[in-house]
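Subject: Structure handover

Hello,

My notes on it follow below.

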Amino acid sequence: MERLDRARLDTAQLPFFFEAQTRFDDLDVQGHVNNAAVSVLLQEARTRFNAALGIRALGQGRGLAVVAMTVEFAAELHHPEPVELRCGLLVLGRTSFTLGQIARQKGANAVYAEVTLVVTGPEGAVPIPDAMRAAFTEMMATWG
């Protein structure tokens, strides 16, 4: 398995920010936020990222599907502290795009993720719509 380039994500300016509240129900027996709950937090941030871009329904029988996800845990997340989630577009392809995500708590990066989504139609992958492609330009990650 290939590891994420955490240093690259650490230095990326991920333009979308969302703060989520942890719930007592998110905890596991060790007392930290469970890895399954972290996946839900990352999904919520992606959903809000898409909504901020106006991507709610693609129409014409198209949708979005996660085709790859790599998540690495650098530190524990705890309740009741909120979690800061950042997202930014790393790669924009013809039918797919890859988001970088970081979850932070108390100013420290705790979770790194890269998620690739594909635009789907009735027959499989379809090109990213022009309006969606244009909206992505404001959410590109930058470095430096």
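Which element gives the most residues to the lining of the largest pocket? The element is H2, with five residues. Please keep in mind throughout that this is a predicted model.

Pocket

The largest pocket holds about 200 Å³ of space. Its lining is made up of Phe18, Ala20, Gln21, Arg23, Asp25, Asp26, Ala37, Val40, Leu41, Glu44 and Arg48. Two or more of the lining residues come from each of S2 and H2. Sorted by class, the lining has five nonpolar, five charged and one polar residue.

In soluble globular proteins, nonpolar side chains tend to be buried together. In this model the largest nonpolar core comprises 31 residues, and Phe49, Leu85, Phe97 and Phe136 have the most contacts inside it. At least two residues of this core come from each of these elements: S2 (16–20), H2 (35–52), S4 (83–92), S5 (96–105), S6 (108–121) and H3 (130–136). Another core, of eight residues, lies apart from it; Leu4, Leu9, Ala12 and Ile102 are among its members.

As for Phe49, its contacts, with neighbours within four places in sequence left aside, are Phe16, Cys87, Gly88, Leu99, Phe136 and Met139.

Strands

- With S2, the pairing is antiparallel and has five bridges. Ala20 has Val83 in S4 as its bridge partner.
- With S5, the strands again run antiparallel, joined by eight bridges. Arg86 has Ile102 in S5 as its bridge partner. A hairpin of three residues connects S4 to S5.

Glu114

One residue I looked at separately is Glu114, which is in strand S6. Which residues does Glu114 contact, leaving aside its neighbours within four places in sequence? They are Leu4, Arg8, Leu9, Ala68, Met69, Thr70, Leu90, Thr98 and Leu99. For Met69, the C-alpha to C-alpha distance to Glu114 is 5.8 Å, while the two are 45 residues apart in sequence.

Regards

Key. Residues numbered from 1 in each chain as written. Predicted model: local features only at pLDDT ≥ 70, side-chain atom pairs only at ≥ 80, totals over all residues. Heavy atoms only, no water. Core = buried A, V, L, I, M, F, W, Y, C linked by side-chain atoms within 4.5 Å. Buried < 20%, exposed > 50% of the residue type's maximum accessible area, 1.4 Å probe, protein only. Helix = DSSP H or I, 4+ residues; strand = E, 2+ residues; numbered from the N terminus. Contact = heavy atoms within 4.5 Å. Pairing = 2+ DSSP bridges. 1 Å grid on protein atoms, 1.4 Å probe; cavity = no way out; pocket = protein on both sides within 12 Å on 5 of 7 lines; lining within 4 Å. Points joined across faces, edges and corners; volume = space filled by probe spheres on them. Nonpolar A, V, L, I, M, F, W, Y, C, P; charged D, E, K, R; others polar.
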